[in-house]
Amino acid sequence: MTKKVHVIGGGIIGMSTAYHLVQQGAQVTVFEIDKGYTESSFARSCGGFRAQYFTPTNVQMSAYSIDFLKNRTDVEFTDNGYLMLFGKDQQHDCDYSHKMQNAQGASTQQLTIRQLEISHSYLNTEDLYKGCITTDGSEGWADPTTVHKWFKDNTDCDIVYEDGTTADHSQADAVVITAGCWSYTVGKTFGLEIPVRPHKHTVFNVSTAKPVMKDMPLVADLVTGVYLRPEGDGYIVGYDGNGTYDSEDLEPDWNSWDEVWMHLYHRFPTVFDEAKMTGAWAGYYDASTIDNNAIIDVRDKYYFATGFTGRGLMHSPAVGLTLSELVLGKDTTFDISAYRLGRKPDVEKYVI
């Protein structure tokens, strides 16, 4: 018997879920209130895909998602890799996560200060312990809207551009809530308490006097909270320190630029000594109020996935697979005990 599934939220998680369900024979209708996806988090992300995480299931989900993107779609993937920088007070986290990631099959390598100075001479290493990097093309970034379009173009389902909370779901065998940071509000209409809040982050477009380093990895500085990657003739730069909860608009935090520039100049003194902010945008992280790990669970016929805290895009293939397995009553490919409601909080430390 064909299962009828309603998906509320047609962003990147919703469309991946629809894709995986349809591939397994389900009849799917997606409800999306924002036809232009003007506030959708996926469209406002930096597009990163990495396996460098602190939680084993996050590493596994990344591996599946990156493999899916590179080998099952025609989406262009920039495989410059990730470079995570750890401070001297983060030695334990660096060593633990490197060992754990390798045990999960990731190709993360550690770089000593001397190795960083040789391979990435533009870095100020004085307050660093080590770096962790991938160089085999297993990490990088992709255009978020192109990934979303691929799922839409390859999914035979109905997409209804209306408020899914007011639709008739009585004939649906399952209702899947994938409404990002709005999942709390959507869940309330069905009597669910989904502990997630919107956390606004600003990303800056930055140009420099020197030519852009197009082969630069995505650098995540866990000391200052700044992360950046090359984009066009400049860089896009995010900052963990300019996040604000429950903002009513997506106006960028322009006032945080001076602080961001100071961190850039500290870490990359020969790159951003003459830097100019040329623009900015803001987007919402769907932040879990339990910890920084996702929330994936089910109550009655209501399934939900949210709380990705900035990694919804990069885990979207794996989450879509997981939700489809839950809905269809199959064993899940991934152990999602770290994502269930009622879990013991276990903070994912690498959220930038």
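Trainee: Over the face of which residue does arginine 50 lie?

Mentor: A charge sits over a ring if NZ of Lys or CZ of Arg is within 6 Å of the ring centre and within 35 degrees of the ring normal. Here arginine 50 lies over the face of tyrosine 53, at 4.1 Å from the ring centre. Arginine 197 has its charged end over the ring of tyrosine 245, 4.2 Å from the centre. Please note that this is a predicted model, in which local features need pLDDT of at least 70 and side-chain atom pairs count only at pLDDT 80 or more, while totals for chains, interfaces and linings use all residues. Residues are numbered from 1 along each chain as its sequence is written, and side-chain values use heavy atoms, with hydrogens and water left out.

Trainee: How many aromatic pairs does a search of the whole structure find?

Mentor: Rings of Phe, Tyr and Trp (its six-membered ring) pair if their centres lie within 6.5 Å; planes under 30 degrees apart count as stacked, over 60 as edge-to-face and the rest as tilted. The search finds 20 such pairs. Tyrosine 37 and phenylalanine 42 have ring centres 5.9 Å apart and planes at 65 degrees, so they are edge-to-face. The rings of phenylalanine 68 and phenylalanine 151, with centres 5.9 Å apart, have planes at 20 degrees, so this pair is stacked. Because phenylalanine 68 is in helix 2 (residues 56-72) and phenylalanine 151 in helix 5 (residues 144-153), the pair ties together parts 83 residues apart in sequence. Helices are DSSP runs of H or I with at least four residues, strands are runs of E with at least two, and both are numbered from the N terminus.

Trainee: Is tyrosine 37 buried or exposed?

Mentor: Buried means under 20% relative accessible area, exposed over 50%, and partly exposed in between (1.4 Å probe, protein chains only). Tyrosine 37 counts as buried because its relative accessibility is 10%. This residue lies in the loop between strand 2 (27-31) and strand 3 (48-49).
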